[in-house]
Amino acid sequence: MSSFVTPPPLERGSEIAVVAPSSNPTDEFPHVYELGLERLREVFDLEPVEYPTVSMAPEALADDPEARARDLIDAFAAPDIDGIIALIGGNDQIRVLEHLDPEILRENPTRFYGYSDNTNLALYLWNLGIVSYYGPCVFTELAMDGAMFDHTVEYAERAFFEESFGDLRPAERFTDAPGDWADPDSLAEHRDTEPNPGWRWAGGDAPVSGRVWGGCLEILDQQFLADRYLPDEDALDGTILAIETSEELPAPSWVEGVLRALGERGLLERFAGVLVGRPPARSHLEDRPPERREQYRAQQREAVEGVFATYNPDVPIVFDVDFGHTWPTTPIPIGGRVEIDPGAETVRFE
């Protein structure tokens, strides 16, 4: 895709559509949802407009990908809507894509915010030449326990209100601690954090630039298996691959295997640079002590670095960037142009 558009930024007071294109936990955790809406209003001075899917029961939503697509089409087409934000991720948004109307989306470029399973829509928009943002989501970043991270607020404001996303910098502290949404009182308590050692660099040392393509690796795996919504492979020449993994905690060997398969397909050699989001190393289903978490992160870095050493040894790789499934998060523009300078250790969106 040679021609891209960054949709117009929102303004304070803008209306933002709230949609459920993946899953919907509002019935089970209404207190979390309400906190997320409150933060949209009070932190960002945006006016949330709730679309029908946020009122659908989880089972009904799962059975009706057309309804999810209809909300997206209606939100893109609505003249009073300046942005669209997803409740949360999920694991089946790929079923929604066939019901979208690409012409309506292309004719009405609107800033979309969402990550994880929302990788599906981000890559669909990429194919249409529309830049989107890898977060935030209502349930996760906006409804963060205690208060939103200042780092998240700063970069979300750029994604909401600025023409350019600008320079990235590492957060001072981070967490991958899962929240306890079942306990409403837990929302008043801040999650434990740990010091952020900063980005880690590997691969080549020459500066590179290109458009960002990618998202959650588990969803990219689905996309490659379905092979219905991928861009022409030549369109990926010179792009910057962005990948991160989810709270499913995939084994480093799985990450290695998926990337190796992409290498054998001839895709990894096409990328000019790689941004790797810091992986969560624990979840609400599996807690791990600090040393085990650091081991997991190190093993994943080694897996990614090893595969690229085989298929694209000169590509610069930036590890532990603050996007994806740890917090605070940076909602990087998917489709935006980014410059990576290993010598200066900088990452800057144009």
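Helices (H or I, at least four residues) and strands (E, at least two) are DSSP runs here, numbered from the N terminus. This is a predicted model, in which local features need pLDDT of at least 70 and side-chain atom pairs count only at pLDDT 80 or more, while totals for chains, interfaces and linings use all residues. Residues are numbered from 1 along each chain as its sequence is written, and side-chain values use heavy atoms, with hydrogens and water left out.

Start with the annotation. Residues 16–135 come out as 38% helix and 16% strand, with end C-alpha atoms 14 Å apart. For residues 209–340 the figures are 34% helix and 22% strand, and the end C-alpha atoms sit 6 Å from each other.

The chain itself splits into domain 1 (15–168) and domain 2 (173–349), with bounds that come from an automatic or database domain assignment. Their C-alpha centres are 21 Å apart. Across the boundary, 45 residues of domain 1 contact 51 residues of domain 2, where contact means heavy atoms within 4.5 Å. About 4,100 Å² is buried between domain 1 and domain 2, and carbon and sulfur atoms give 66% of that; buried area is the accessible area (1.4 Å probe) that two parts lose on being put together, summed over both. Trp126, Tyr134 and Leu168 account for 21% of what domain 1 buries against domain 2, more than any other three residues.

Domain 1 and domain 2 share three salt bridges, each being a side-chain nitrogen of Lys or Arg within 4 Å of a carboxyl oxygen of Asp or Glu. Elsewhere in the list of salt bridges, Asp145 and Arg191 pair through their side chains at 2.9 Å, N to O. Helix 5 (119–127) is among the elements that each supply at least two residues to the side of domain 1 touching domain 2, as are helix 1 (30–42) and strand 5. Helix 5 gives the most, with seven residues.

Strand 5 (residues 132–133) also holds Ser132. At 1% relative accessibility, Ser132 counts as buried, a label for anything under 20% relative accessible area (1.4 Å probe, protein chains only). Leaving aside residues up to four places away in sequence, Ser132 touches Phe112, Ala122, Leu125, Ile332, Pro333 and Ile334.

Notes. Buried means under 20% relative accessible area, exposed over 50%, partly exposed in between (1.4 Å probe, protein chains only).
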